[in-house]
Amino acid sequence: MTVVELLVVIGLFGALAALLFPAVQQARESARFRRCGNNLKNVALALAEFHSYQQTFPAGSDGLGQTEQAWSSRILPHLELSNLAQAIDYDLAWNAPGANATAAGYNVPVYVCPSSQLRFAGKQDYGGIIGTALLPLPAGSGPRDAFGCGTLIITGPQQPLPVGAAQITDGLSFTMAGGESVDRANGQAGLWACGRNCFSQNEPSVVIDDVGSLFSFHPAGAQAWFGDGHVRVIGAGIYREVLGALCTRNGAEASANAAFTD
């Protein structure tokens with residue numbers, strides 16, 4: 001084999017590798033996307049099972065008791081993590097020294113998006129939705145206010161009890177309970193044990209990286225779960241009004257819901 005022939009062979013292999021690499025990357029992302037969707041489905045089913053026992057969904061965060069115990073901590077037994085739940089004293093702050101602080105550092109694989117880029121102890125890539133600032137709603141935490149009209153609310157004087165299915169008058173299938181909010185850094189909003197991992201949807205698009213928004217690295221958009229347990233992709237092109245309507249449980253935005261269905 002001459003040098004010229006060798007160079008030609010090397011060039012052909014290089015061209016073949018260049019053609020195959022994007023396909024391999026796409027296949028890997030497709031697998032990560034499906035795994036993420038499975039994670040969210042398991043979370044949605046755990047929330048539904050919690051509701052069947054308690055007749056309400058868990059509070060997004062225990063603001064009334066000032067413990068900031070999170071929705072994602074309350075559903076641990078329904079994710080086959082009863083041992084972890086039993087190690088937590090829910091009457092104390094989520095990060096109280098001792099058992100609670102130790103439990104908070106445990107990694108729960110179902111709470112981590114496979115396409116996320118950061119890794120740290122106690123990470124949470126999925127957040128509960130307390131409401132939205134995308135609609136002309138009062139800036140309060142009452143049931144019809146911007147920061148209290150969601151499903152996984154922060155309990156407080158205006159809403160001392162968590163939300164049940166009967167209070168989701170827009171319909172369970174038209175109300176997002178939570179979704180991807182990936183790589184919120186190693187702070188309280190990015191930890192499964194802390195109730196600050198629930199948020200209001202403030203950004204008009206799911207491609208804006210913000211602590212208070214749906215966001216993912218999936219090319220198709222951010223995945224979210226709804227009150228009835230189904231998981232759906234929220235694309236970058238969704239209308240602002242529709243996104244806001246999906247985050248409220250009691251806004252009666254029939255036209256927006258119909259637009260999302262279409």
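I count two strands as paired if DSSP finds at least two bridges between them. Strands (E, at least two residues) and helices (H or I, at least four) are DSSP runs, numbered from the N terminus.

I note that this is a predicted model, where local features need pLDDT of at least 70, side-chain atom pairs count only at pLDDT 80 or more, and totals for chains, interfaces and linings use all residues. Residues are numbered from 1 along each chain as its sequence is written, and side-chain values use heavy atoms, with hydrogens and water left out.

Sheet. I looked up S4 (residues 222-226) and found four bridges to S5, running antiparallel. Ala-222 has Ile-234 of S5 as its bridge partner. I then traced the whole open sheet: five strands, ordered S3-S1-S2-S4-S5, with mixed pairing. S3 (198-201) and S5 (231-234) are the edge strands, and each pairs on one side only.

Cores. I take a nonpolar core as a set of buried (under 20% relative accessible area, 1.4 Å probe, protein chains only) Ala, Val, Leu, Ile, Met, Phe, Trp, Tyr and Cys residues joined through side-chain atoms within 4.5 Å. The largest has 39 residues. Leu-76 and Trp-192 are among those with the most contacts inside it. H1 (3-54) gives the largest share, seven residues. I checked Leu-76 for contacts (heavy atoms within 4.5 Å) beyond four places in sequence. Its partners include Leu-81, Tyr-111 and Trp-192. A second, separate core has 15 residues, including Ile-129 and Leu-243.

Technical notes: Buried means under 20% relative accessible area, exposed over 50%, partly exposed in between (1.4 Å probe, protein chains only).
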